[in-house]
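Here are my notes on the model you asked me to look through. Please read them with the structure open.

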Amino acid sequence: MATRRSGVVICALTPEGDVDLATARRLIAAAGDASVTFHRAFDMARDPFTALEQLVDLGVHRVLTSGQESSVLEGAPLIAELVDKAAGRLIVMPGGGITERNIARIAAMTGADEFHFAALVSSDSPAVHRNPAPIMGGVLHRPEYERSTTSQDLVSRVIAAAA
């Protein structure tokens, strides 16, 4: 059985789209012995290959990316290049739109070994009182009395589909 290790997710970019090295160093130092993942803000980096090398030099353990696209499928060519350039010095973890229907294809296209996915299912809220007037959540009309939860079954199916 694998030993669990605590982890943190960080990100620090400059306004110009470069890795903010000073801030990242402080965050990494504050993380102590925890595994450090640089989150999908990486996808906003001006030059992903320069950013990758900077993250390697900083000692980051993994980078979460959609390949600078809206989804992993669209960004798969860049992710494959990043996996190749990383050469095991850090983990390139695809994330963004991964499902049981596409994970095997994404694995084949990118050469990645770790993946980030949500496996969410919607269910009705337990709220008894329901006010139909306000719409919250920043979208035109998201159901207010619906909630998303991680599905253990869906997680298992995605993992099985990756094999």
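The numbered points below go from the whole chain to the sheet, the helices and a few single residues.

1. **Overall make-up.** Keep in mind that this is a predicted model. The protein chain has 5 helices and 6 strands. Starting at the N terminus, the order of elements is β-α-β-α-β-α-β-α-β-β-α. Of the 163 residues in the protein chain, 34% are buried. Among contacts with a separation of 6 or more, 62% are between residues 24 or more positions apart.

2. **The sheet.** Four strands form an open sheet in the order β1-β2-β3-β4, and their pairing is parallel. β1 and β4 (91–94) are the edge strands; each has a single partner strand, so one side of each has no neighbour in the sheet. On average, neighbouring strands are turned by 25 degrees against each other, direction ignored.

3. **Strand pairing, β1 to β2.** Strand β1 covers residues 7–10 and pairs with β2 in the parallel sense over 4 bridges. Strands of a sheet pair through backbone hydrogen bonds, in either a parallel or an antiparallel way.

4. **Strand pairing, β2 to β4.** β2 and strand β3 (residues 62–65) run parallel and are joined by 2 bridges. Here Thr37 has Arg62 of β3 as its bridge partner. β3 and β4 are also parallel, with 4 bridges between them. Val63 has its bridge partner, Val92, in β4.

5. **Strand β2.** Which residues of β2 are buried on each side? Strand β2 spans residues 35–38, with Ser35 and Thr37 buried on one side and Val36 and Phe38 buried on the other. Both faces of β2 are therefore covered. In a regular strand, side chains alternate between the two faces of the sheet.

6. **Crossovers.** β1, helix α1 (residues 21–31) and β2 form a β-α-β unit, and the unit is right-handed. From β2 the chain passes through helix α2 (residues 48–58) to β3, and this β-α-β crossover is right-handed.

7. **Helix α1.** Ala24, Ile28 and Ala31 are the buried residues of α1. These residues lie on the same side of α1, because they cover an arc of only 55 degrees around the axis. Arg26, Ala29 and Ala30 are exposed on the other side of α1. The cover over the buried residues of α1 includes β1, β2 and α2. Look just past the end of α1 as well: Gly32 has a positive phi of about 60 degrees.

8. **Helix α3.** Which strands does α3 touch? Helix α3 (residues 72–86) packs on the sheet and touches β3 and β4. The direction of α3 makes about 175 degrees with that of β4.

9. **Thr65.** This residue lies in strand β3. Thr65 has a relative accessible area of 0%, so it is buried. Setting aside neighbours within four places in sequence, Thr65 contacts Arg40, Phe42, Asp43, Val72, Ile79, Leu82, Val92, Met93, Pro94 and Gly95.

10. **Ser66.** Where does Ser66 sit? Ser66 is in the loop between β3 and α3. Is Ser66 buried or exposed? Its relative accessibility is 0%, so Ser66 counts as buried. The side chains of Ser66 and Arg40 make a polar contact of 2.9 Å. Not counting residues up to four places away in sequence, Ser66 touches Arg40, Asp43, Ser71, Val72, Gly75, Ile79 and Gly95.

11. **Ser148.** Strand β6 (residues 146–150) holds Ser148. Ser148 has a relative accessible area of 40%. With neighbours within four places in sequence left out, Ser148 contacts Leu120, Val121 and Ser122. Ser125 is 23 residues from Ser148 along the chain, and the C-alpha atoms of Ser148 and Ser125 are 9.2 Å apart.

How values were computed. Residues are numbered from 1 along each chain as its sequence is written. This is a predicted model: local features need pLDDT of at least 70, side-chain atom pairs count only at pLDDT 80 or more; totals for chains, interfaces and linings use all residues. Side-chain values use heavy atoms; hydrogens and water are left out. Buried means under 20% relative accessible area, exposed over 50%, partly exposed in between (1.4 Å probe, protein chains only). Two strands pair if DSSP finds at least two bridges between them. A crossover is right-handed if, with the strands pointing away from the viewer, the path from the first strand over the helix to the second runs clockwise. The arc is that of the directions from the helix axis to the C-beta atoms. Contact means heavy atoms within 4.5 Å. Axes are lines fitted to C-alpha atoms, for helices over the stretch in contact, and angles run from 0 to 180 degrees between N-to-C directions. A polar contact is a pair of N or O atoms within 3.5 Å; within protein, one must be able to donate a hydrogen and the other to accept it, and residues adjacent in sequence count only if both atoms are side-chain atoms.
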